[in-house]
Amino acid sequence: MKDIKNAVIIGFGGMGQQHRHLLEPINNINLIGTYDIESEKMIKGSQYGLKAYESYKDVLEDVNIDLLIIATPNHLHKNIVISGLEAGKHVVCEKPVTLNSNELQEILDVCEVSEGEFFIHQNRRWDEDYLVVKQVADQKMIGDIFHIETKVHGSRGVPGDWRKEKEYGGGMMLDWGVHLIDRLMCLVNEPVKSLFCKLSHIRTNDVDDGFILHLTFDSGITAVVEVGTFNYIQMPLWYVLGSQGAMEIDDWSMAGRMHRFNENNEMDAKPIVAGAGLTKTMAYRDESTLTISEIPRVTVDNNEFYNNVYETMMGNMTQIIKNSEVMYVMKLMEAAMESSRLNQVIYL
Ligand code: NAD
């Protein structure tokens, strides 16, 4: 087996070009070319010394190519992935892997008999904000987590390209929901018992321009996943409650705070004036009963995804991002869309 694997990127738009950047430090994967239906995209590739393939057929027939990286609009993923696997190539595909679970199953059926390995680029598992929440949860830094809110908010609507069109696999559930749900599942690591979702169509008819999704896990842990594109005041990326504290991550700069309840402090409080009434239940805490700290930081290995792709192609590892995990997330997204359509809780 040869040590250096040759790769070609299919679809050299925004994310295709990001893959070129991601591959730069990966010594054992040699990016040799691009194929895109827009010639100016391939001209961009040639500025980096990448060969411009004239057709996808030429890519499939090139025996020097080991790995295809698919970064086309979503509706094209399934057929391009399947033909790549059938041609004996390894394939990396962008998220959302397909438009629905049936399409993904078609790919997985081909995977069963193909020689090539299949990878899905759920790259937001390498976002520092997520990795910090995972560390806080795993190390029980705020006790046992019982509620998680994970949100992304923009205020510019859905971009005016294919993401606005249903037939191209547009909409925010498939675009961002797939990331947030994927990470939530890694974090909680137990099945979902029920969910309720409302998709929003504030300025779109065809696709959702956001959603609010409530989930209850087997053990009773609850979560809210929210994506918005008309939020002129953004909410924190993460709001996490544990039995011994809470944490909030405001944004990607990692601003935020962690509050830990000091052991041996009375839970009771004196009544305070709150609006037009009194309350002791809701009396605010201060630093006499809390340890307030900044968000802990973690070092992120931005090369881990492609190193795993390489080592898996070489037979030394298995995929970090499992097909079964991606399928589960796909089915949750389908259940969420069905919940919104029926305006009903879905029990799984
Ligand atoms: P884009 O519109 O910028 O790029 C898509 C490219 O595909 C364009 O250059 C287009 O000409 C090309 N294309 C269209 N049809 C093609 C075909 N038949 N064969 C070859 N090329 C074709 O879109 P984008 O933002 O780069 O998104 C591409 C994919 O990457 C989508 O699946 C998207 O969901 C995903 N994405 C992932 C992330 C992430 O962080 N993982 C971020 C952005 C986009």
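Predicted model: local features only at pLDDT ≥ 70, side-chain atom pairs only at ≥ 80, totals over all residues.
Local features require pLDDT of at least 70 and side-chain atom pairs count only at pLDDT 80 or more, whereas totals for chains, interfaces and linings use all residues. Residues are numbered from 1 along each chain as its sequence is written, and side-chain values use heavy atoms, with hydrogens and water left out. Because domain 1 (5–121) and domain 2 (127–301 + 331–347) both give residues to the shell around the ligand, the ligand lies between them; the domain bounds come from an automatic or database domain assignment.

**Ligand shell**
- Around the ligand there are 25 residues, of which Met15, Asp36, Asn74, Lys95 and Asn123 come nearest (near: a heavy atom within 4 Å).
- The shell comprises ten nonpolar, nine polar and six charged residues, with Gly counted as polar and Asp, Glu, Lys and Arg as charged.

- The side chain of Asp36 places an N or O atom 2.6 Å from a ligand oxygen atom.
- For Gly13, a backbone N or O atom is 3.4 Å from an oxygen atom of the ligand.
- The side chain of Glu38 has an N or O atom 3.5 Å from a ligand oxygen atom.
- Of the 850 Å² of accessible area that the ligand has on its own, the protein covers 84% (Shrake-Rupley method, 1.4 Å probe).

**Cavity**
- The structure holds one cavity of 30 Å³ or more (on a 1 Å grid over the protein atoms alone, points where a 1.4 Å probe fits but cannot get out).
- The largest cavity contains about 50 Å³ of space, the volume being that filled by probe spheres set on the points.
- Its lining residues (an atom within 4 Å of a point) include Phe119, Ile120, Trp126 and Phe305.

How values were computed:
Polar contact = N/O pair within 3.5 Å; in protein donor to acceptor, adjacent residues only side chain to side chain. 1 Å grid on protein atoms, 1.4 Å probe; cavity = no way out; pocket = protein on both sides within 12 Å on 5 of 7 lines; lining within 4 Å.
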